[in-house]
Amino acid sequence: MPVELRHFRCFTAVAETLHFARAAEQLGISPPALTKQIQEIERLLDVRLFQRTKRSVSLTSAGEVFLEEALRTLQQAARAEDAARRAGRGEIGRIEIGYIASAAYSGLLQTEVARFRADYPLVQLNLVEAPMDTLPVQVSNGGLDLAFIRPPVPCPADVNFMTLLYDDFIAALPEDSPLAAHETVPASALASACFILPEQASGTMEVARRGRFVPRTLPNPGGLVAVVTLVSLGQGVAIVPASVMQRVNMPGVTYRQIEGKIIPGAIALASRKHEKSPVVRAFLKQLKARQADR
């Protein structure tokens, strides 16, 4: 039979009070039951921990050494219990978060991460930028816990979307384009342009639908900075989120609104429908509460 935490608690109570009756009262047990616990631990260790007379109780030299270690053991046990409770409440743990570049350009990613860290400083947040079409699958298979994406995007049946921010589409044009002279650009005026596809192509497809043409496209070159760079080099135009205009000020590029009704866009959070992790649920709960307040 190994030494158990109850033995440590009984021993330290007697060692600190040097009085069996007071220690028993402190522990909420009877003096005979406490005496039995001390005898049991001495038998297990095969050593005398206390010198006992009718009038006094004192620690032996072995008891003094054991007291130091017993206190450390109880402190560590208390820390372990506290950590388990915190983890169960979602206050300790780790969250793997994927994101697309425009979630950072919009400021949404930074705002939500900072707010969560302020309330849950012991939670480790690991963030990674990744191609958008891979993010929902990674959330589904457990490679990621959450992902900031731009709907619409195909996703597994066990993944939910929560819209967090609306970020509409605008046109990024080469500075020397004749269209840059206009305040707004008619969709039909872009019929002959070559489109550089960003992470979300829905804006481009909507411009083509309004202009009644089939767009000539270049493959997505990477993040939004790469997209805007190709525009600055005169490789084509791009339909990008409006937040890019505020964050990416690159020589050779002009941003313009598209004529007519706005082309809606949004940033959403992808999460598993039946999330089990307390810490991930805490992140989702905090976000839902803020959405409800808006």
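Which residues form a nonpolar patch on the surface? Select M1, L44, L45 and V47: together they make up that patch, with about 300 Å² of accessible area. Keep in mind as you look that this is a predicted model.

Stay on V47 for a moment. You'll find V47 in the loop between helix 3 (31-45) and strand 1 (50-52). V47 is partly exposed, with a relative accessible area of 30%.

Color its 5 strands and you'll see an open sheet in the order 4-3-5-13-6, with mixed pairing. Strand 4 (123-129) and strand 6 (159-166) sit at the edges; each has a single partner strand, so one side of each has no neighbour in the sheet. Going from one strand to the next, the twist averages 20 degrees.

Zoom in on strand 3 (residues 93-99), which pairs with strand 4 in the parallel sense over 7 bridges. Pick E96 here, and across from it in strand 4 is N126.

Next, select helix 6 (residues 108-119), which packs on the sheet. Helix 6 touches strand 3, strand 4, strand 5 (146-149), strand 6 and strand 13 (266-272). The direction of helix 6 makes about 165 degrees with that of strand 4.

Last stop: helix 8 (residues 202-211). Its buried residues are G203, T204, E206, V207, A208 and G211. What do the buried residues of helix 8 pack against? Show strand 7 (169-174), strand 9 (194-196), strand 11 (238-241) and strand 12 (253-258), and you have their partners. Then step just past helix 8 to R212, which takes a positive phi of about 60 degrees.

How values were computed. Residues numbered from 1 in each chain as written. Predicted model: local features only at pLDDT ≥ 70, side-chain atom pairs only at ≥ 80, totals over all residues. Heavy atoms only, no water. Pairing = 2+ DSSP bridges. Helix = DSSP H or I, 4+ residues; strand = E, 2+ residues; numbered from the N terminus. Axes fitted to C-alpha atoms, helices over the stretch in contact; angles between N-to-C directions. Contact = heavy atoms within 4.5 Å. Patch = residues over 30% accessible without salt bridge, like charges linked within 9 Å, V, L, I, M, F, W, Y side chains within 5 Å. Areas by Shrake-Rupley, 256 points an atom, 1.4 Å probe, with all protein chains shown as cover. Salt bridge = Lys/Arg side-chain N within 4 Å of Asp/Glu carboxyl O. Buried < 20%, exposed > 50% of the residue type's maximum accessible area, 1.4 Å probe, protein only.
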